Each structure stands twice: as C-alpha cells, then as structure tokens.
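Open the model in your viewer and keep the selection tool handy.

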Amino acid sequence: MVDSQYYLPNDIGISALDCREAFRLLSPQEKMYAHYLSRASWYGGLVVLLQTSPESANIFVLLQRIFRKETPEELEKVAATVGLSSEEYKAFLVYAAGLYANMGNYKSFGDTKFVPNLPKDKLEALVRASQAFQEKPVEMEALWNNSSTLIFSLEDRQKQLGLGDKGITTYFSGNCTLEDAELAQRFLDSKKLSAYNTRLFKRSDGGKVCYEVRLASAVQKDCAVDGEKETSCGTFTFEDKEFIVKRGDYCPLMEKVCFYLQQAEAYAANENQQKMLEQYRHSFNFGSVESHKEGSRFWIKDKGPIVESYIGFIESYRDPFGSRGEFEGFVAVVNKAMSERFTKLVSSAEVLLSELPWPQEFEKDTFLKPDFTSLDVLTFAGSGIPAGINIPNYDDIRQSEGFKNVSLGNVLAVAYATQKEKLTFLKEEDKDLFIKWKGPSFEVQVGLHELLGHGSGKLFVQDHKGKLNFNKDKVINPETGELVSSWYQGSETWDSKFSTIASSYEECRAECVGLYLCLNKEVLRIFGLEGQDAEDVVYINWLSMVRAGLLGLEFYTPESKNWRQAHMQARFVILRVLLEAGEGLVGLKEVVGHDGKPDAQITLDRTKIHTVGKHAIQRFLCKLQVFKSTADVEGGRALYDGYSSVGDSGANNFLRLRETVLLRKEARKMFVQANTKVNGDHVELVEYESSAAGLIRSFTERFQEDADQLEADLLELSKKDTPCWYKSDETS
C-alpha cells in the first residue's frame, strides 16, 4: 500500500472557477485582450512542467495524447475491458487531473510527489489499450517506457522537491549542492543579474568545474541581436570557477508567449498596457529581467483596469534556494462591488501602518497607494492558484515606486468552503461559528496580509554609489538599543540575502500583520463588521491561524528536517509563538477520536486575544521586521529556525502530532478553469463541469490548434536535459 500522502484521494474536491458573469460584462475589445493574454499565460504555464521534475513534461504529453483521442467517458469503456475497476479508473482520472492542476507530478502546495493510486500493470494495460497507442504504438511505447518508472517511483529523494540529497529539482542539475547555489548567487550579484529567470547546470570537463547559467528566452543566440545594445551572455571567471551565461531556455514556449502577447497588444486599453506588453515581450524574447521590471513599472501605473493580468517568472517558493521564479500568468476581471472595501482599506492604510509595532524609521518613507482590487479569475496558469497576491516582487520597485494588491474573489468563494464533518481539531461548539465566519474572516486576513503585510516595512539599502536610504548616525535598532549596524549592499535583495528562509519568513510577517491589525475596529468596519459579528470574525481569524499551524505539520519532512511549504511553515511558527505566550491563550492537547484513533484538540481563549495574544504578536512582529530591515540574516535565521523546529520534547510532541495530522488530513481542492475561443469577431467562453473529467477536457481542448508541434517541443526540451538530473560520472 502506498502511503496516502503520496496519492490524491478519489473523493478530492474539484470546483469550477466561475467567471461567466464577469466575462459577459466585458466589451468585445476587452474580451479579445483577455483571450490573447490567457493564451500567452497557458503556453507560458507549460514551462512549470520543466521547472518541476524531469518526468513531468513526458507524463503531460502521454496524457494529452491519450485524451485527445478518447474522452474520459470513452476511455472508461476501454478501462473496463482490460480489467480496471470503476474505483481504479477514477483513481487514474484523479491522477491525470492532479498532474494538470499542479502542472507536474509534485503537489504545488507542499511539494510532495503524487503517484497513481492503482497498480502499475493496470495503468499499463489501459495505456496499451488506448486508441492513441493503437494508432502510434512505437511512439506511445517509447513515451510509456520513458516515464512509467518515474510515474510510480517513491525512492526517498524522489518523494519531495529539494536540492541535492534532499529531493528533486530541475532549477539545478542533479550534482549541485547548496554551496554551488550560494556561489552562483554571488556570481549573479557581481554581474547585477537576477536569478528569477535562470537555471543552474554544473558540468565537469576533465576535472575542471564549469557552471552554466541558462536564461529563459525565445532568442537562442548569445550575441547581441535585433538592436540589443549588449547582452549578459558570455564566459566569465569568478572565484576561480568558470561561468557561462547562455540564452534559450524553454525557447519554443517563450516564442508562443511572445506571439500571443503581441496579439494582445492590439486590444490594449491604454498606452500603459501597450508599453507593459512590449516590455514583457522584450523580456521573454531576450531573457531580460530588467525589461520585465520595466514592464512591471507600466503595470503599476495602469490603475484600475477592467482586465487585470500579470505574467512572468514570479514566485520563488519552489526553488530550493529561494531565488528563482516559477512561471505564472493570470488574467482576471475586476469585481467592482467587492473592490470597494479594499479601496477603503487602501485609504486607511497610512493610519494603520503607523500602528504597526516598529519605529517609524523602519517603515517606507512614503506609502505609495497601490491598486487593491477583488478579481474574478478567468485564467491562472502555473502550478497552483493563490487567494491573494501582492506584486511585483522586485524590492527596489516596491520600495520606491509601488505595487499592486489583488484578492481573487472567485477563488476565495470555493477554495475555503468546508463541511462540518471534515473540520478537524476543533471543539464541537466552535465548528458552526467557524463555518459561518471562515469566509469573511479570511477576506479580512487576505486584505491585511497583502496590503499592509507584504506592503509594509522598509529595507535599509546602500546603493552601488555608496548612498544610504537611511541615516546610519541616527536610526536605532529597537532590539539592541544601539545604532543600526547592517544593511543591504549593492545588488543584494531580500531573496538573495535570506535565500532559503526568505519566502516563509515574509509570509509569516504578513500573516502576523493580518492577525495584529484585524483587532482594529476601524478595519472591521471597512469590511462591514461591527459588534458581536466583528468579535466573532476576530476569534475565527485567530482560531483559523492556530488550526492552520497544526495542519502545517503535514508539510514538514522529519527525515530531512525540511519544510516543504512556505505559508504552512509560517503558520506553524505563529502557533509556536502563541503557545509560548502562555496564560491559557492557546491550548493544544492530544486526545482519542470518536473512531478510537489518535486525535488532537485546539482551544483559543477569546477573552485573551486582545491582551496576551496581541502582545505576543506585537513583540514577534517587531523582531521579524527589524531583522528584515537590517539584513541581519544571522539573527533572522536563529529566530525563525528556532520557532520552525519540530521535535518530540517539551510541552507538545509535534512529531507525534504530525502523525495525527497526516491521519486526518483533507486533500487540497483542484480547480477547473474555462477556455476562451475566438469565433469570427467575438470571443466565446467555454466552461467545463466540476469533475476530474471536466478538468482533463479543459486541458485537451486548451492546446488543440498546435498539439502535435507543442508536444514534440515539450518532449525535445525534456529529453535535452535528461542527463543533467541524475548524479553520474559525466555530470559530477
């Protein structure tokens, strides 16, 4: 029997993202704009297959070929004839849907591998009996042989994503270590190159080590082309090692992204959108993060668009080193009614920022009022869909030019709905209240987390010319009582400096801001909450965070002592902080469930949230900000790693509690997204049912027009790098 954490259950929740009404209200021009941006996003999203695991692209092509020839309903009859039970066939559909939804065979939330929950010989029989196999047996045999072992393999290193012996990654060749990643970061910093759109390959030539830094681009030539003044490419010596910077990673996919962005340009609503798309195209064409930053500047200036979007190598959660971005692209429609609340929150932001528990010098010099809108997602291509986003992630732009916040309304509407019988670890009397207020409380938390969490705090920086953005002779570190003695220098960024803990640490800081500011009555009023309702929302928001901290243990790997999910690590850290506060604020005890199996129960004393709870978060939040502002990696790591540790001693045996959490875990929902199709001079929305079959159909129809060429490109891209992923004499 396969451990249940390595397969997706047959009863996994699958929900359609409803955007019919939002799309209907768009003008014909806006629909065209949304359509072409969606196409760019979907093709770019396929990059994630190549960023996830060596086998993901092959499995994707195998599934596409099977389902392009036979619908899930037609294939079910074939499955019955070769001896699959209905449960086994459903397990195959769930696996296929999971691969599409996660853009790979590792969970986007938690980074663990998932395998089909049926015997390998049964799946092989189904593949061989499929129409696709009957029509092209040689190709399908090769595809099956290339991927079947890795589809089912659960060797220790393959169970999760990670660097070196800790797991699988395709951001680095298989022979790279943490030391190699650190060396490459120093090299990139020295060249003022961002790691966001790169991968690192280490090669050995006659005993001499050479590193290849590969930039994602449509252009494959390394010399300056098409009017480029200069190129970052070339061969360099750094710390006695050879570095080669090359272009052309994911080339055919980048070409498609550029093609569709150019189509979208013709339907842009204004000059900012046109210039933004122009810069994005330049970025993906030539592999230039600087152009993407320029595009992001125009994007920030594009205030209150009807169709909102963002695309590129954005979030660094899944790079084991924490500085390479996973590709994502989204297209969404503004929900004006829902956005009003967020606009009011933005108007109150400067007053609320002054309430945060750090000295004024540690806050940005001016708060650049961002757009904050509630969006209904039409397209979200990548490995998963968040509930809220605060972008761009470029520190220099965020600090001096601004950012945007979005809350994804139609995701929130379905992602966090839950049934009472599936609500674990709460007292019975808390469950009805939790179900009633979970949605509204999460909306408040997302708003505060994105706008005033990620949007707050200053980084102390000394630029290349030696200029400081703070007065080092006056600014006092509140933790030491002495003058600030450290800061970011040159091209150092938050991600490059705090690397492996940066993502989770920042999520923790933003979550703490949400907990802290939701205690403010004015904030709750903005969201239409007063009196008892407001108090209930505060209680459920804090209770939800404490419960999430316990649930977070699912995403910890004891063998490697590694956390696999940034947000869940952050929530566990907050649970530890609140338990440490004592005075009966939070209770966590192990009990026996109604089924006779181990269980746990969480309690939160709502009368102590505004006192004991607030004080604990206040102290912790100030420390987080001070270490971040002053680039104090040592202090920040000691603090964060301390609270992140999972042991079996002390008041709570967290290793044993982890087993209980795994026993009672609920699989994360998957989303079915619509397609858009140009019919004459108008755009149609094509919707699918909320099921594994609906999710599969959405993907087979998504890439119909050039399926053969696209699949050939993916297989070629995958094959080219196959020797790089495994440790062997020629690559070590």
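Start with two helices: helix 20 and helix 22 are oblique to each other. This is a predicted model, so keep that in mind at every stop.

**Stop 1: a pair of crossing helices**

Select residues 531-551 for helix 20 and residues 609-629 for helix 22. Their axes come within 13 Å and cross at roughly 45 degrees. The crossing of helix 20 past helix 22 is left-handed. Now show side chains where the two meet: helix 20 contributes Glu535, Val538, Tyr539 and Trp542 to the contact, while helix 22 brings Ile609, His610, Gly613, Lys614 and Ile617.

**Stop 2: an annotated site**

Next, select His449, His454 and Glu507, which an unreviewed UniProt entry annotates as "binding site". Although these residues span 59 positions in sequence, no two of their C-alpha atoms are more than 8.4 Å apart, so they gather at one spot.

Centre the view on His449, in helix 17 (residues 428-453). Is His449 buried or exposed? Its relative accessibility is 6%, so His449 counts as buried. Beyond its neighbours within four places in sequence, His449 is in contact with His454, Glu507, Ala510 and Glu511.

Then move to Glu507, which you will find in helix 18 (residues 494-517). Glu507 is buried too, because its relative accessibility is 4%. Draw a distance between the side chains of Glu507 and His449: they make a polar contact of 3.0 Å.

**Stop 3: a buried aspartate**

For the last stop, select Asp180 in helix 10, which covers residues 178-190. Asp180 has a relative accessible area of 6%, and the cut-off for buried is under 20%, so Asp180 is buried. Which side chain does Asp180 meet in a polar contact of 3.1 Å? The partner is the side chain of Lys202. Show the rest of the surroundings as well: not counting residues up to four places away in sequence, Asp180 touches Asn175, Leu200, Lys202 and Tyr211.

Note on methods. Residues are numbered from 1 along each chain as its sequence is written. This is a predicted model: local features need pLDDT of at least 70, side-chain atom pairs count only at pLDDT 80 or more; totals for chains, interfaces and linings use all residues. Side-chain values use heavy atoms; hydrogens and water are left out. Helices (H or I, at least four residues) and strands (E, at least two) are DSSP runs, numbered from the N terminus. Buried means under 20% relative accessible area, exposed over 50%, partly exposed in between (1.4 Å probe, protein chains only). A polar contact is a pair of N or O atoms within 3.5 Å; within protein, one must be able to donate a hydrogen and the other to accept it, and residues adjacent in sequence count only if both atoms are side-chain atoms. Contact means heavy atoms within 4.5 Å. UniProt positions are given in the numbering used here, feature names are shortened, and annotations may be inferred rather than shown by experiment. Axes are lines fitted to C-alpha atoms, for helices over the stretch in contact, and angles run from 0 to 180 degrees between N-to-C directions. Angles under 35 degrees count as roughly parallel, over 145 as roughly antiparallel, 65 to 115 as roughly perpendicular and the rest as oblique. A crossing is left-handed if the near helix is turned anticlockwise from the far one by less than a right angle, and right-handed if clockwise.
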